[in-house]
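Welcome! Take a look at it below, and then we can walk through it together.

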Amino acid sequence: MFQTLKYIPAEIFSFEGEVIGILAFSLAGLLWVAVPFLDRSQQQGRGSRIFQWIGIGAVIFIVVMTIVSYVAD
């Protein structure tokens, strides 16, 4: 998360970039908590493809940002 905040511009549409980043991470956390309630197809024994792809994208993002933080000066 900190590595991502380093890449967000200082100002976005007259708002502080850090505030926008923290709000985005908060919304992503709320979405992560709400997935069991939003994914109705899970009740039939199969998961929704969109939530699977979002999860895969989140894991790839975390791995890439971790590698960038180790490689960056």
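**The chain as a whole**

- The protein chain has three helices and two strands.
- Read from the N terminus, these elements follow the order α-β-β-α-α.
- The chain has 73 residues, and buried ones make up 12% of them.
- Its accessible surface comes to about 6300 Å², and carbon and sulfur atoms account for 71% of that area.

- Over the protein chain the mean pLDDT is 82, with 89% of the residues reaching 70 or more.
- Among the elements, α3 has the highest confidence, at a mean of 87, while α1 has the lowest, at 78.
- A word of caution for any such model: where pLDDT is low, the predicted coordinates should not be read in detail.

**The largest pocket**

- The largest pocket holds about 560 Å³ of space.
- Sorted by class, the lining has twelve nonpolar residues, five polar ones and one charged one.

**Ala28 and Ala58**

- In sequence the two are 30 residues apart, and in space their C-alpha atoms are 9.7 Å apart.
- Is Ala28 buried or exposed, or something in between? Ala28 has a relative accessible area of 44%, so it counts as partly exposed, because that class covers the range between under 20% for buried and over 50% for exposed.

**The loop between the strands**

- Phe13 lies in the loop between β1 (11–12) and β2 (15–16), and Ser14 lies in the loop between β1 and β2 as well.
- What is the phi of Phe13 near? Its value is near 50°, which is positive although the residue is not glycine.
- For Ser14, phi is near 65°, again a positive value in a residue other than glycine.
- As background, most residues other than glycine have a negative phi.
- Phe13 is exposed, because its relative accessible area is 75%.
- Ser14 has 62% relative accessibility, so it also counts as exposed.

- How far is the backbone oxygen of Thr66 from a polar atom of the side chain of Ser69? The distance between them is 2.7 Å.
- At 35% relative accessibility, Thr66 is classed as partly exposed.
- Ser69 has a relative accessible area of 35%, so it is partly exposed.
- Thr66 and Thr4 are separated by 62 residues in sequence, yet their C-alpha atoms are 9.8 Å apart in space.
- Ser69 and Thr4 are 65 residues apart in sequence, with 9.3 Å between their C-alpha atoms.

How values were computed. Residues numbered from 1 in each chain as written. Predicted model: local features only at pLDDT ≥ 70, side-chain atom pairs only at ≥ 80, totals over all residues. Heavy atoms only, no water. 1 Å grid on protein atoms, 1.4 Å probe; cavity = no way out; pocket = protein on both sides within 12 Å on 5 of 7 lines; lining within 4 Å. Points joined across faces, edges and corners; volume = space filled by probe spheres on them. Nonpolar A, V, L, I, M, F, W, Y, C, P; charged D, E, K, R; others polar. Buried < 20%, exposed > 50% of the residue type's maximum accessible area, 1.4 Å probe, protein only. Helix = DSSP H or I, 4+ residues; strand = E, 2+ residues; numbered from the N terminus. Areas by Shrake-Rupley, 256 points an atom, 1.4 Å probe, with all protein chains shown as cover. pLDDT = per-residue confidence, 0-100. Polar contact = N/O pair within 3.5 Å; in protein donor to acceptor, adjacent residues only side chain to side chain.
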